[in-house]
Amino acid sequence: MSPRMSPRTGAISKAVIPAAGLGTRFLPATKATPKEMLPVVDKPAIQYVVEEAVAAGLWDVLMVTGRNKRALEDHFDRNHELESALTRRGDADRLAKVREPSDLANVHYVRQGDPRGLGHAVLCAAPHVGDEPFAVLLGDDLIDARDPLLSRMVEVQEREGGSVIALMEVDPGQIHLYGCAAVETTAESDVVRVTGLVEKPERSAAPSNLAVIGRYVLDPAVFDALRRTGPGRGGEIQLTDALNRLDTVHGVVFKGRRYDTGDRAEYLRAIVRLASERADLGPDFRAWLRGFVAEECG
């Protein structure tokens, strides 16, 4: 275990990251490269997600993978040949970067042999998770490290019990792209009680403009609910359908910075935003951007 890691002393210590998707929106780039390994500046997207889990104290990480995802395992493993070469060169900075992924967390893997939706991917984690609450982080959603959403969700779950999902207000015209929550307010402005979930509703049928985004802290009762949940929208086992079977679900309404790397345009915006804010890249990159925009719009 890395000395930088701070395992939780509470009930939640495990995170599950479904990573078996085909990444068809990014073809041909994802023909041979897992979409989770596409770089966001100079780190693959999946590393940001693992870092988020660790920052919330969840150091035990299970990735639910599929065929052609070996690169994920290689990234979070040691590369002794590369490390030796960098050591011989005295390149301490790059050596630290190479070792960082393997030192982040205790990472485990399980195959989702038959991709039957997010609910099925979560169910694949049952033997590893056991009878304890756990987090689920979707790799397409990157949450800015300055906006600790997951830590807040863990806090709410440990206080209220049940399950907690992340919600975000979206334009009503975009709600058909998300799971949508019907909610009741609570005494806390950022916490709601979820009374129902609808997967990708038409705008006229949406109970709110609160969209489910890719962070969950789930009670282990969800596994039994998933086993009793048949295929739903798209012929897949939907996690939202299983959550509707649970007695207690709260939502944390997130107003921070989120980057959707599952969409090509949003992926590009995420790279620009994060690169612009980097101390080592930002000043020169922002100057170039200003010139580029002036030239294109002038």
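On a 1 Å grid over the protein atoms alone, a pocket is an open set of points with protein on both sides within 12 Å along at least five of seven lines, whereas a cavity is a set of points where a 1.4 Å probe fits but cannot get out; lining residues have an atom within 4 Å of a point. Grid points are joined across faces, edges and corners, and a volume is the space filled by probe spheres set on the points.

The views below come from a predicted model, in which local features need pLDDT of at least 70, side-chain atom pairs count only at pLDDT 80 or more, and totals for chains, interfaces and linings use all residues. Residues are numbered from 1 along each chain as its sequence is written, and side-chain values use heavy atoms, with hydrogens and water left out.

**View A. The largest pocket has a volume of about 1500 Å³.** Its lining takes in 45 residues, and Arg25, Lys35, Leu138, Asp140 and Lys200 lie nearest the centre. Look for strand 1 (14-19), helix 5 (118-123), strand 8 (163-169), strand 11 (210-218), helix 9 (239-243) and strand 13 (258-260), which each supply at least two lining residues. Helices (H or I, at least four residues) and strands (E, at least two) are DSSP runs, numbered from the N terminus. Strand 11 provides the largest share, four residues. By class, this lining has 17 nonpolar, 14 polar and 14 charged residues; Ala, Val, Leu, Ile, Met, Phe, Trp, Tyr, Cys and Pro count as nonpolar, Asp, Glu, Lys and Arg as charged, and the others, Gly among them, as polar.

**View B. The second largest pocket has a volume of about 470 Å³.** Of its 22 lining residues, Tyr48, Glu51, Ile143, Asp144 and Ala145 lie nearest the centre. Helix 1 (45-55), strand 7 (141-143) and helix 7 (149-160) each contribute at least two residues, and helix 1 gives the most, with five. The lining comprises 13 nonpolar, one polar and eight charged residues.

**View C. The structure holds one cavity of 30 Å³ or more.** The largest cavity has a volume of about 90 Å³. Among its lining residues you will find Phe26, Lys35, Glu36, Gly139, Asp140 and Tyr267. By class, its lining has six nonpolar, two polar and three charged residues.

**View D. Helix 3 (residues 80-89) and helix 4 (residues 92-104) pack at an angle of about 160 degrees, with axes 9 Å apart.** Helix 3 is therefore roughly antiparallel to helix 4. Axes are lines fitted to C-alpha atoms, for helices over the stretch in contact, and angles run from 0 to 180 degrees between N-to-C directions; those under 35 degrees count as roughly parallel, over 145 as roughly antiparallel, 65 to 115 as roughly perpendicular and the rest as oblique. Leu82, Glu83, Leu86 and Thr87 of helix 3 meet Arg94, Leu95, Val98 and Arg99 of helix 4, where contact means heavy atoms within 4.5 Å. This contact has four nonpolar, one polar and three charged residues.

**View E. Helix 10 (residues 264-276) and helix 11 (residues 282-297) cross at roughly 125 degrees, their axes coming within 8 Å.** Helix 10 is therefore oblique to helix 11. Val272, Ala275 and Ser276 of helix 10 make the contact with Gly282, Phe285, Arg286 and Leu289 of helix 11.
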